[in-house]
Amino acid sequence: MEAFNLPVTVDVPTAARALGICPTTAYRLARRGDFPCKILRIGNRYRVPTIELMRAIGVDERAVYTLDHGA
């Protein structure tokens, strides 16, 4: 899954692609404070924490960071 190779934060177009929305809509939601997950504004840029994005798309972080060896 491509989402598992993302950096700690991603830009809005990348988050929009993961959420299945167009970047223009994503930026509009970010400006209104209605983005589907936590978003950071740094200067005039928006960054989306990958962990928040993964939660928004229903990916549990335990599946990414842990292995179950039958214990």
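The model is predicted. The chain has 71 residues, 25% of them buried. It holds 4 helices and 3 strands, arranged from the N terminus as β-α-α-β-β-α-α.

**Overall figures**

- Among contacts in the chain with a separation of 6 or more, 43% are between residues 24 or more positions apart.
- The chain has an accessible surface of about 5,000 Å², and carbon and sulfur atoms account for 52% of that surface.

**Sheet**

- The 3 strands form an open sheet in the order β1-β3-β2, and the pairing is antiparallel.
- β1 (9-10) and β2 (40-42) are the edge strands, each of which pairs on one side only.
- Strands of a sheet pair through backbone hydrogen bonds, either parallel or antiparallel.
- Between β1 and β3, which run antiparallel, there are 2 bridges.
- Thr-9 has Pro-49 of β3 standing opposite.

**Nonpolar core**

- The largest nonpolar core contains 12 residues: Val-10, Val-12, Ala-15, Ala-16, Ala-26, Leu-29, Ala-30, Phe-35, Cys-37, Tyr-46, Val-48 and Leu-53.
- At least two residues of this core come from each of α1 (12-19), α2 (23-32) and β3 (45-49).
- In soluble globular proteins, nonpolar side chains tend to be buried together.
- Leu-53 is one of the core residues; leaving aside residues up to four places away in sequence, Leu-53 touches Leu-6, Val-10, Ala-15, Ala-18, Leu-19, Cys-37 and Val-48.
- Of these partners of Leu-53, the core includes Val-10, Ala-15, Cys-37 and Val-48.

**Helix α1**

- Val-12, Thr-14, Ala-15 and Ala-16 are the buried residues of α1.
- The cover over these buried residues includes β1, α2, β3 and α3 (50-56).
- Val-12, Ala-15 and Ala-16 also belong to the largest nonpolar core.
- Thr-14 lies in α1 and counts as buried because its relative accessibility is 18%, against a cut-off of under 20%.
- The side chain of Thr-14 makes a polar contact of 2.5 Å with the side chain of Asp-11.
- Gly-20 follows α1 and has a positive phi, near 80°.

Key: Residues numbered from 1 in each chain as written. Predicted model: local features only at pLDDT ≥ 70, side-chain atom pairs only at ≥ 80, totals over all residues. Heavy atoms only, no water. Core = buried A, V, L, I, M, F, W, Y, C linked by side-chain atoms within 4.5 Å. Buried < 20%, exposed > 50% of the residue type's maximum accessible area, 1.4 Å probe, protein only. Contact = heavy atoms within 4.5 Å. Polar contact = N/O pair within 3.5 Å; in protein donor to acceptor, adjacent residues only side chain to side chain. Pairing = 2+ DSSP bridges. Areas by Shrake-Rupley, 256 points an atom, 1.4 Å probe, with all protein chains shown as cover.
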